[in-house]
Amino acid sequence: MRAWKKSCRKYRFNCRSRVLFLLPGLIGVSVFVLLPFLDVGKRSFQTAITGEFCGVDNYVTIFHNQAFLLALGNTARFVAVGLPLLLALSLFLACMIDRGIHARWWKAVYLFPMAVPTATVVLIWKLLFHQNGVLNGLINRFGGTAVDWLGSDASFWVLIFSYLWKNTGYTIVLWMAGLHSVPVERKEAARVDGASERQCFFYVVLPELKPMLYTITVLSFLNSFKVFREAYLVAGAYPQQKMYLLQHLFNNWFTNLEMDKMAAAGVCITVVFLVGVIVLQRLWDRKE
Amino acid sequence: MRTKRFLWIVARRVIRKIADGICLCGFAVPVFLPVVMVLCSSVKSEYELSELLSPILSSGTGEINWQFLSLYPTAGHFFQLLFGTPDFFTVFWNSLKIVSLILLGQLVIAVPSAWAFAAFRFRGRGILFLLYIMLMLLPFQVTMLPSYLVLNRLHMLDTHGAVILPAIFSTFPVFLIYRSFAGIPGELLEAARIDGAGEWSIFTRIGVPLGSGGILSALVLGFLDYWNMMEQPLAFLQDKTLWPLSLYLPEIDIRQAGRALAASVITLIPAAFIFAMGQEYLEEGIAASGIKA
């Protein structure tokens with residue numbers, strides 16, 4: 001009986017010490033993210049100043065807001081162009097690195113931009129993309145017409161370039177992890193059966209990479225939000241129209257303390273986000 | 001006939017190898033070019049820089065005629081920055097303080113949390129972990145307003161705490177470290193429990209040593225990200241003396257290009273150092289973040 005009591009006490013102590021592992025983190029997450037997030041959800045149905053309940057008015061307002069629609073369109077366009085480009089380019093490079101020699105070394109080369117703080121290259125971005133900058137100098141020398149990279153619609157491509165520059169290495173490493181998970185026997189079997197290198201890639205390797213595609217898409221999408229750093233530092237809070245992303249808009253709303261719009265837009269983005277992740281996962285799970 | 005075919009196969013392989021090499025080198029040029037440009041121009045003299053940048057500065061005609069090599073290389077800008085600009089030290093120190101406190105806090109908070117998820121089975125574990133992943137996925141712009149409301153209530157706006165505290169409770173390192181803890185076989189922990197080891201000593205003697213790869217990955221990824229942190233200080237720090245390097249640097253006027261370039265190089269050094277030391281862990285960390293939960 002005594003022994004039983006003792007073990008019981010010990011067990012309870014164990015339980016309590018287990019809780020202690022998670023508790024500090026959980027409290028912090030709740031205080032700093034979770035509860036305030038719920039609060040914002042509530043605020044999205046209230047007016048900014050008086051806090052009265054106003055139904056879906058805030059949601060209606062943002063979807064009639066010119067700036068919001070512009071930013072939303074630009075962000076969608078940026079993701080629609082940038083994401084496939086990034087995925088294709090990095091898969092292409094990952095395959096080449098994977099079958100070549102010095103793989104470790106090449107990975108380091110392409111990862112290097114991750115280590116370069118945005119602030120370090122901002123000045124160079126300005127030199128490169130200025131109307132009288134280095135890039136236009138090159139274009140002129142080869143007989144093209146100069147483009148005002150930061151002042152015209154071409155600014156969109158500056159965003160894309162920054163995104164690719166920063167994230168290709170990251171995505172290459174992810175793809176290579178996927179490539180390594182393809183069983184060698186399967187590739188060899190296909191080769192023995194007379195499949196060409198290209199056929200082998202498209203019919204054997206690519207289907208195996210599908211589950212990886214899901215996580216890579218999600219992670220690359222997340223990283224696409226960080227392109228704001230380059231955009232903001234190079235072009236400021238109100239850049240050329242084509243460069244005006246949701247991140248700029250949130251930042252400007254924040255500066256003007258337009259809480260109601262921020263809350264409503266934040267909730268919208270979160271919902272789109274979660275639905276997107278779940279749909280993607282379902283899509284890929286079904287195909288597996 | 002046979003040898004001919006064999007030669008053809010070999011030749012094709014060699015050609016492909018060479019083409020691969022050329023392609024990889026070709027794409028590596030734009031990767032390194034910006035950094036090389038920073039390094040090269042940071043040792044140019046004031047006169048040379050103003051000559052070089054004149055098409056931009058005077059907003060006149062003509063394009064920059066870029067020169068990589070400088071006629072009279074000088075370390076003058078670095079001296080001026082390090083010995084003649086006290087506010088640079090403030091800012092550098094701010095950056096260092098913010099990053100090191102965040103990483104320290106994450107060690108204290110995230111490592112035990114990750115251990116709890118990996119080693120224990122408790123009610124609500126699945127839901128809670130899913131919640132952590134969701135929070136990890138949300139971009140800063142969405143959590144900006146919630147964080148602001150809390151920080152405002154705690155009277156922490158315009159202090160370093162406003163940037164440090166929310167980052168400490170980031171759920172990304174929890175997820176990353178969890179991945180390496182999850183690889184530890186459960187039998188090992190069970191054996192330790194039967195031998196009478198307490199939960200804490202199991203954690204410190206078995207968990208931390210075996211999961212050190214994941215912890216280091218989280219630290220390396222964290223350092224590179226927080227050294228580059230911009231959104232949070234921009235939103236929560238009004239006082240410019242509190243700013244980290246990543247915000248201070250772009251404030252330097254392009255007319256003082258020498259100073260800005262020297263500061264750029266100095267900002268790059270810690271990040272490049274960590275990258276060189278921890279490349280292996282960085283790769284592991286990235287690969288681990290890609291494995292489906």
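What area is buried between domain 1 of chain B and domain 2 of chain B, and what percentage of it do carbon and sulfur atoms give? In this predicted model, the buried area is about 1,000 Å², with 74% contributed by carbon and sulfur atoms.

**Domains within chain B**

The domain assignment divides chain B into domain 1, residues 2–76, and domain 2, residues 78–290. Their C-alpha centres are 33 Å apart. Contact between them involves 13 residues of domain 1 of chain B and 12 residues of domain 2 of chain B. Five residue pairs are in polar contact across this interface, both members at pLDDT 80 or more, while the count of salt bridges is zero. On the side of domain 1 of chain B that touches domain 2 of chain B, helix H1 (2–41) and helix H2 (46–57) of chain B each give two or more residues. H2(B) gives the most, with five residues. By class, that side has nine nonpolar, three polar and one charged residues.

**Chain B with chain A**

The contact between the chains draws 94 residues from chain B and 93 residues from chain A. Six salt bridges cross the interface of chain B and chain A; A:Arg99 and B:Asp20 are joined by a salt bridge between their side chains, at 2.8 Å from N to O. Residue pairs in polar contact number 11, both members at pLDDT 80 or more. Helix H14 (residues 257–290) of chain B provides the largest share of the side of chain B that touches chain A, 16 residues. This side of chain B comprises 67 nonpolar, 16 polar and 11 charged residues.

| Interface | Buried area | Given by carbon and sulfur atoms |
|---|---|---|
| Domain 1 of chain B and domain 2 of chain B | about 1,000 Å² | 74% |
| Chain B and chain A | about 8,600 Å² | 75% |

Definitions and conventions. Residues numbered from 1 in each chain as written. Chains lettered and ligands numbered in written order. Predicted model: local features only at pLDDT ≥ 70, side-chain atom pairs only at ≥ 80, totals over all residues. Heavy atoms only, no water. Domains from an automatic or database assignment. Contact = heavy atoms within 4.5 Å. Buried area = accessible area lost by both parts, 1.4 Å probe. Salt bridge = Lys/Arg side-chain N within 4 Å of Asp/Glu carboxyl O. Polar contact = N/O pair within 3.5 Å; in protein donor to acceptor, adjacent residues only side chain to side chain. Helix = DSSP H or I, 4+ residues; strand = E, 2+ residues; numbered from the N terminus. Nonpolar A, V, L, I, M, F, W, Y, C, P; charged D, E, K, R; others polar.
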